[in-house]
Amino acid sequence: MRGFPEQEWDRDDTPKERSWDTISVSLSSSLQTEADTEKYRDLRALLQLLANLCSKDLVDFSSDSLETHGTNISQVVHMGLHMVNPLITLEMLKYPKLCHDYFSLLSYLLEVYPEMVSQLSSESFAHVIGTLDYGLHHQDIEVVDMCLRSLKALASYHYKETGAGKAGLGSHATVYKDRDGNCQEGILNQFLRSLMKFLLFEDYSTDLVSTAAEALLPLILCEQGLYQRLCNELIERQSNPTFRLRLTNALQSLTNSNHLSSTLDRTNYQKFRKNLHNFLIEVRGFLRTI
């Protein structure tokens with residue numbers, strides 16, 4: 001398992017700001033034919049239908065009436081995701097409304113049926129992970145928020161399942177093949193590294209910190225060894241003794257203050273949200289300027 005390469009902490013590769021209005025106008029003009037427009041509308045309708053099915057199951061925990069008629073919502077959504085995945089490209093996600101519909105579906109789906117991820121084919125799984133990584137750096141705060149909620153669902157599911165002696169995300173948590181067929185580290189490692197970098201070095205709305213905290217906590221609990229290595233590498237890079245000490249103390253407080261435990265209940269999430277807010281106030285300023 002590799003550590004955190006120095007260049008990955010650099011701030012220079014922060015995604016650049018883009019004019020979303022300009023992109024929207026230019027992309028709208030790319031729907032040249034009536035057939036293209038119809039396909040776009042059909043895809044949005046399918047995304048909304050699947051999201052509505054997930055949200056219904058989220059609110060109505062009693063699906064007996066559906067199952068008695070031989071209908072299993074999770075199977076329907078699983079099949080729908082396989083239909084949608086090949087149609088969702090990074091270019092398509094530049095359409096604001098379609099992008100919102102897709103990530104809304106993904107967040108609902110992973111919250112209600114996280115076990116479905118372990119059942120996905122390697123290709124479908126790589127597609128979901130690739131789009132989540134794209135959405136995490138999106139300039140639309142609502143898209144980022146939905147991606148963070150998706151990460152929370154994945155990590156918390158894996159942590160609870162493995163704690164009960166089950167497989168959780170299975171091999172997807174350790175290694176997977178990307179869309180080009182190349183082997184990549186497990187998604188929990190990948191997103192723990194990516195989320196820490198995001199919180200410490202990138203530009204984002206402070207409104208996202210609470211949601212980010214709820215994604216970061218289960219990622220840390222799942223990958224404690226990697227988290228400790230990332231912390232050590234951050235500390236070692238501080239040449240200023242004062243900043244080095246401040247960072248060391250802040251990292252210790254992040255996971256130890258307020259009697260934080262290793263559970264994923266509501267109280268513990270509240271404690272960690274407070275810890276993360278205090279941590280970022282303490283270190284983000286000098287980490288981004290040195």
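The structure is a predicted model, and the protein chain has an average pLDDT of 84, with 82% of the residues scoring at least 70. Confidence reaches its highest mean, 98, in helix H10 (residues 209-222), and its lowest, 42, in helix H2 (residues 20-28). Over residues 1-8 pLDDT stays under 50, and the model has 18 contacts for them beyond four places in sequence. Residues 65-70 also stay under 50, and here the model has 3 such contacts.

Helix H10 packs with helix H8 (residues 141-163), the axes lying 8 Å apart at an angle of about 30°. Because angles under 35 degrees count as roughly parallel, H8 and H10 are roughly parallel to each other. The crossing of H8 past H10 is left-handed. On the H8 side, the residues that meet H10 include Leu-148, Leu-151, Ala-155 and Tyr-159, along with Asp-145, Arg-149 and Lys-152. H10 contributes, among them, Ala-212, Glu-214, Ala-215, Pro-218, Leu-219 and Cys-222. By class, this contact comprises 10 nonpolar, 3 polar and 4 charged residues.

Helix H8 also holds Ser-150. With a relative accessibility of 1%, Ser-150 counts as buried, because the cut-off for that class is under 20%. Leaving aside residues up to four places away in sequence, Ser-150 touches Leu-106, Ser-107, Leu-110 and Leu-132. Between Ser-150 and Glu-111 the C-alpha to C-alpha separation is 6.8 Å, although the two are 39 residues apart in sequence.

How values were computed. Residues are numbered from 1 along each chain as its sequence is written. This is a predicted model: local features need pLDDT of at least 70, side-chain atom pairs count only at pLDDT 80 or more; totals for chains, interfaces and linings use all residues. Side-chain values use heavy atoms; hydrogens and water are left out. pLDDT is the predictor's confidence in each residue, from 0 to 100. Helices (H or I, at least four residues) and strands (E, at least two) are DSSP runs, numbered from the N terminus. Contact means heavy atoms within 4.5 Å. Axes are lines fitted to C-alpha atoms, for helices over the stretch in contact, and angles run from 0 to 180 degrees between N-to-C directions. Angles under 35 degrees count as roughly parallel, over 145 as roughly antiparallel, 65 to 115 as roughly perpendicular and the rest as oblique. A crossing is left-handed if the near helix is turned anticlockwise from the far one by less than a right angle, and right-handed if clockwise. Ala, Val, Leu, Ile, Met, Phe, Trp, Tyr, Cys and Pro count as nonpolar, Asp, Glu, Lys and Arg as charged, and the others, Gly among them, as polar. Buried means under 20% relative accessible area, exposed over 50%, partly exposed in between (1.4 Å probe, protein chains only).
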